[in-house]
Amino acid sequence: MILIDAVYIHETGGKVLLDYLIAELEKSNNKQIFYLFDDRISADFYALKSSNQSLFIKASYIKRLNFYLQNKTRFSKVLCFANVPPPIELNAEIYTFFHQYIYLKIPKKYPIKNSVIYYLKTKVIKFLKSNTDFWIVQNENIKSLLKVKFDLSENRIFTLPFYPPINAAPSLKRNPVGFLYVSNPFPHKNHYRLIDAFCQFYDQEKKGELILTVDKSYKLLWDYIENKIIENYPIKNLGFVKREDLGRLYQENKFLIFPSLTESFGLGIVEALDSGCDILAADMSYTYEVCKPTLVFDPYDIKSIKNVFIRAVYDKNLEHSNSKVQNKIKELIELLTV
């Protein structure tokens with residue numbers, strides 16, 4: 001039996017990738033699979049085969065440890081989907097999907113509380129690293145950093161980017177001055193600098209529209225955006241957008257602007273590229289791993305972001321962005337099931 005350990009996965013890009021992996025496993029695999037889920041997604045419905053099983057538990061180290069102690073001889077292969085190897089040694093083939101760049105390098109000027117949390121989690125991963133045989137990452141940059149950070153041999157790390165295709169929308173007329181940023185507002189996503197840069201750009205040029213997807217539960221940032229809207233800046237905050245609606249949203253706007261300070265993959269960039277957007281992105285290694293962007297900027301510098309808005313609007317000779325990523329979901333499925 002195969003174990004997919006997805007404890008700790010309950011939102012954002014990790015949840016999108018998990019849903020995609022489950023759908024593909026259920027379509028293509030004849031072996032028995034046991035899914036261990038975070039109970040924060042217990043309301044989600046997964047169409048599993050009758051031969052497969054699932055369990056929702058609280059996302060805690062103790063609960064996860066108890067599960068492994070009770071089932072330590074049950075599985076022949078294990079995929080830990082949330083960066084952290086098993087809490088005990090198993091007589092099985094173990095893969096750990098590592099997809100959190102901040103464990104490898106904390107961004108500059110990151111909130112102290114968040115930095116301490118990630119530092120402690122990194123210590124846990126280092127402590128448990130001998131409990132996994134192999135690591136799976138989304139790009140070569142993560143592979144290089146992971147190898148150094150945890151002192152791993154290169155042949156134990158597989159680069160297997162995978163991502164679900166975005167739903168195609170009918171051909172739509174794009175807003176030529178529409179700047180879209182699809183992202184939850186974690187600190188490293190850099191919303192405040194983006195908003196300030198856009199407002200400075202609009203004060204100067206009186207052009208453009210900024211489209212955001214900030215949920216109401218993030219009250220401080222939500223209120224900040226609402227105040228800018230009250231001040232008559234052309235900012236549209238759509239809140240949470242269902243994945244099935246993203247294709248249309250991307251195709252309604254010419255540009256994806258992506259100021260994140262750190263990413264392990266940059267799923268939003270890949271989705272926007274598949275939908276025909278041009279990419280204005282942070283001058284960071286993750287950008288160049290997934291695409292040749294139209295323009296880049298310093299994500300720590302509001303003036304640099306503002307100048308990209310100006311060039312995007314006025315420069316008629318900009319090159320279109322190009323993707324560098326191939327979806328390797330088939331290779332990943334084969335690794336787990338053969």
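Me: How many bridges join E11 to E12, and do the two strands run parallel or antiparallel?
Reply: This is a predicted model, and what follows describes its computed geometry. Strands of a sheet pair through backbone hydrogen bonds, either parallel or antiparallel. One of the bridge pairs here sets leucine 256 against isoleucine 279 in E12. E11 and E12 run parallel, and the bridges that join them number four.

Me: In what order do the six strands of the open sheet stand, and which of them are at the edges?
Reply: The sheet is open and its pairing is parallel, with the strands in the order E10-E9-E8-E11-E12-E14. A strand at the edge has a single partner strand, so one side of it is left without a neighbour in the sheet. That describes strand E10, residues 235–237, and strand E14, residues 295–297.

Me: Which residue in E11 stands opposite leucine 180?
Reply: Strand E8, residues 175–181, is joined to strand E11, residues 253–258, by three bridges, and the two run parallel. Leucine 180 has as its opposite residue in E11 leucine 256.

Me: Which strands does helix H5 touch, and what angle does its direction make with that of E9?
Reply: Helix H5, spanning residues 191–205, packs on the sheet and is in contact with E8, E9, E10 and E11. Strand E9 covers 209–212, and the angle between its direction and that of H5 is about 160°.

Me: What angle does the direction of helix H10 make with that of E14?
Reply: Helix H10, residues 302–314, also packs on the sheet, where it touches E8, E11, E12 and E14. The direction of H10 makes an angle with that of E14 of about 165°.

Me: How many of the five residues of E12 are buried?
Reply: A residue counts as buried when its relative accessible area is under 20%. Strand E12, residues 278–282, is touched by helix H10. By that cut-off E12 is mostly covered, and the number of its residues that are buried is five of five.

Me: Is asparagine 83, which has a positive phi, buried or exposed?
Reply: Most residues other than glycine have a negative phi, and most peptide bonds are trans. Asparagine 83 has a phi near 75°, and its place is in the loop between strand E4 (77–80) and strand E5 (93–97). Its relative accessible area is 5%, so asparagine 83 is buried.

Me: And is lysine 206, with its positive phi, buried or exposed?
Reply: The phi of lysine 206 is about 55° although the residue is not a glycine, and lysine 206 is found in the loop between H5 and E9. With a relative accessible area of 55%, lysine 206 is exposed.

Me: How many disulfides are there by the distance rule?
Reply: The rule asks for a pair of cysteine sulfur atoms within 2.5 Å. For cysteine 291, which is buried with a relative accessible area of 0%, the closest cysteine sulfur is that of cysteine 277 at 12 Å, too far for a bond. The count of disulfides comes to zero.

Me: Which residues does threonine 262 touch, leaving aside those up to four places away in sequence?
Reply: Threonine 262 sits in the loop between E11 and helix H8 (267–274). Its relative accessible area is 3%, so it counts as buried. The residues in contact with threonine 262 are Tyr101, Ile102, Pro107, His188 and Tyr286.

Me: What volume does the second largest pocket have?
Reply: The lining of this pocket consists of 18 residues, with Pro185, Phe186, Pro187, Tyr192 and Leu221 nearest its centre. The elements that give two or more residues to that lining are H5 and helix H6 (219–230). The volume of the second largest pocket is about 290 Å³.

Me: Which residues line the largest cavity?
Reply: The structure holds one cavity of 30 Å³ or more, and about 30 Å³ of space lies in the largest cavity. Its lining is made up of Asp5, Val7, Tyr8, Arg64, Cys80, Phe81, Ala82 and Val84.

Technical notes:
Residues are numbered from 1 along each chain as its sequence is written. This is a predicted model: local features need pLDDT of at least 70, side-chain atom pairs count only at pLDDT 80 or more; totals for chains, interfaces and linings use all residues. Side-chain values use heavy atoms; hydrogens and water are left out. Two strands pair if DSSP finds at least two bridges between them. Contact means heavy atoms within 4.5 Å. Axes are lines fitted to C-alpha atoms, for helices over the stretch in contact, and angles run from 0 to 180 degrees between N-to-C directions. Buried means under 20% relative accessible area, exposed over 50%, partly exposed in between (1.4 Å probe, protein chains only). On a 1 Å grid over the protein atoms alone, a cavity is a set of points where a 1.4 Å probe fits but cannot get out, and a pocket is an open set with protein on both sides within 12 Å along at least five of seven lines; lining residues have an atom within 4 Å of a point. Grid points are joined across faces, edges and corners, and a volume is the space filled by probe spheres set on the points.
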